[in-house]
Amino acid sequence: MVFVKAHKTKAYFKRYQVKFKRRREGKTDYRARIRLINQDKNKYNTPKYRFVVRFSNKDITAQIISASIAGDIVLAASYAHELPRYGLEVGLTNYAAAYCTGLLLARRVLKMLEMDEEYEGNVEATGEDFSVEPAESRRPFRALLDVGLIRTTTGNRVFGALKGALDGGLDIPHSDKRFSGFEKEKKELDPEVHRKYIFGGHVASYMKMLMEDEPEKYQSHFSEYIKRGVEPDGLEELYKKVHAAIRADPTVKKSEKQLPKEHKRYNLKKLTYEERKAKLIAHLEALNSAADGHDDDE
């Protein structure tokens with residue numbers, strides 16, 4: 001018999017520790033998370049807030065979250081699917097929409113804490129870097145940016161949401177090196193380029209290019225824009241109106257959707273003991289009558 005060396009011994013399996021579930025699923029970077037939620041002991045259980053931004057295929061989620069032993073607690077949240085209420089019905093996942101979602105969350109959480117009048121933020125989006133200054137009475141609401149598992153490349157949409165939150169009046173530690181328009185060689189941010197992205201200028205230029213070069217592709221790619229009469233030249237004014245509407249009323253609107261009168265059942269209703277007993281008796285009687293009929297035929 002050939003000798004085979006055991007690479008993983010019994011001791012290995014006895015000492016093996018299973019990783020956390022969300023690590024096994026590849027959903028949470030615990031190395032980054034622990035650095036975001038660790039709080040100093042001398043702060044006596046004061047919540048440490050995170051500005052969490054996540055993207056899906058059709059939506060953007062922005063939340064203010066604090067960690068506790070029982071689990072994460074969401075203080076406030078905003079979603080890109082709320083933007084049609086403010087006048088933005090198309091392009092709900094681009095850089096400009098991310099800015100609007102971040103702005104909405106900032107104004108919402110400050111209104112909730114009654115700090116919205118004290119910290120108005122940057123009312124006019126110029127594309128320049130902005131950091132809120134502390135007022136005389138209350139310090140600004142501070143949160144740390146939580147980007148999750150995305151690659152933090154220059155111009156990523158998550159930094160659009162960050163810029164929206166900063167202009168909305170939140171205090172988030174950041175650098176301008178990852179905003180759209182930052183030039184690596186000059187080591188400075190070009191505000192004009194950044195402003196173009198905030199107001200959807202990159203989308204408008206792409207629309208114009210397709211209209212001239214590939215009209216058929218334009219009809220298919222921007223069918224929803226065409227249906228709602230959104231023109232490339234009108235995008236900047238549209239986003240300005242959306243920003244103004246968000247600042248005017250950032251509160252959460254309850255859904256008007258009615259609850260169903262009867263809940264659908266996707267499985268059979270569980271029978272009681274008496275119902276099961278009656279069903280069995282009926283089944284046995286049917287079998288007996290069928291057997292009697294067969295005997296009479298013979």
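What order do the strands of the open sheet have? The order is 3-2-1-4, in an open sheet of four strands with mixed pairing.

## About the model

This is a predicted model, in which local features need pLDDT of at least 70, side-chain atom pairs count only at pLDDT 80 or more, and totals for chains, interfaces and linings use all residues. Residues are numbered from 1 along each chain as its sequence is written, and side-chain values use heavy atoms, with hydrogens and water left out.

## The sheet

Helices (H or I, at least four residues) and strands (E, at least two) are DSSP runs, numbered from the N terminus. Two strands pair if DSSP finds at least two bridges between them. Strand 3 (73-79) and strand 4 (144-146) stand at the edges of the sheet. Each has a single partner strand, so one side of each is left without a neighbour in the sheet. From one strand to the next, the twist averages 20°.

Strand 1 and strand 4 pair in the parallel sense, over three bridges. Arg50 stands opposite Leu144 in strand 4. Helix 4 lies across strand 1, strand 2 and strand 3. Helix 4 runs at about 135° to strand 3. Such angles run from 0 to 180 degrees between N-to-C directions, with axes as lines fitted to C-alpha atoms, for helices over the stretch in contact.

## The nonpolar core

A nonpolar core is a set of buried Ala, Val, Leu, Ile, Met, Phe, Trp, Tyr and Cys residues joined through side-chain atoms within 4.5 Å. Buried means under 20% relative accessible area, exposed over 50%, and partly exposed in between (1.4 Å probe, protein chains only). The largest core has 57 residues. Phe51, Leu170 and Leu235 have the most contacts inside it. Strand 1 (49-55), strand 2 (60-66), helix 4, helix 5 (157-168), helix 7 and helix 10 each give two or more residues to this core. Helix 4 supplies the largest share, twelve residues.

In soluble globular proteins, nonpolar side chains tend to be buried together.

## Helix 10

Helix 10 covers residues 235-248.

Contact means heavy atoms within 4.5 Å. Leaving aside neighbours within four places in sequence, Leu235 has contacts that include Phe199, Val203, Met207 and Tyr225.

## Single residues

Val193 belongs to helix 6. Val193 counts as partly exposed, at 30% relative accessibility. Not counting residues up to four places away in sequence, Val193 touches Ser180 and Gly181. Val193 and Phe179 are 14 residues apart along the chain, with their C-alpha atoms separated by 9.7 Å.

Most residues other than glycine have a negative phi. Tyr44 has a positive phi of about 50° although it is not a glycine. Tyr44 sits in the loop between helix 3 (30-37) and strand 1, and counts as exposed at 68% relative accessibility. Glu114, also not a glycine, has a positive phi of about 60°. Glu114 lies in the loop between helix 4 and strand 4, and counts as exposed at 67% relative accessibility.

Terms used. The expected span of a helix is 1.5 Å times one less than its number of residues.
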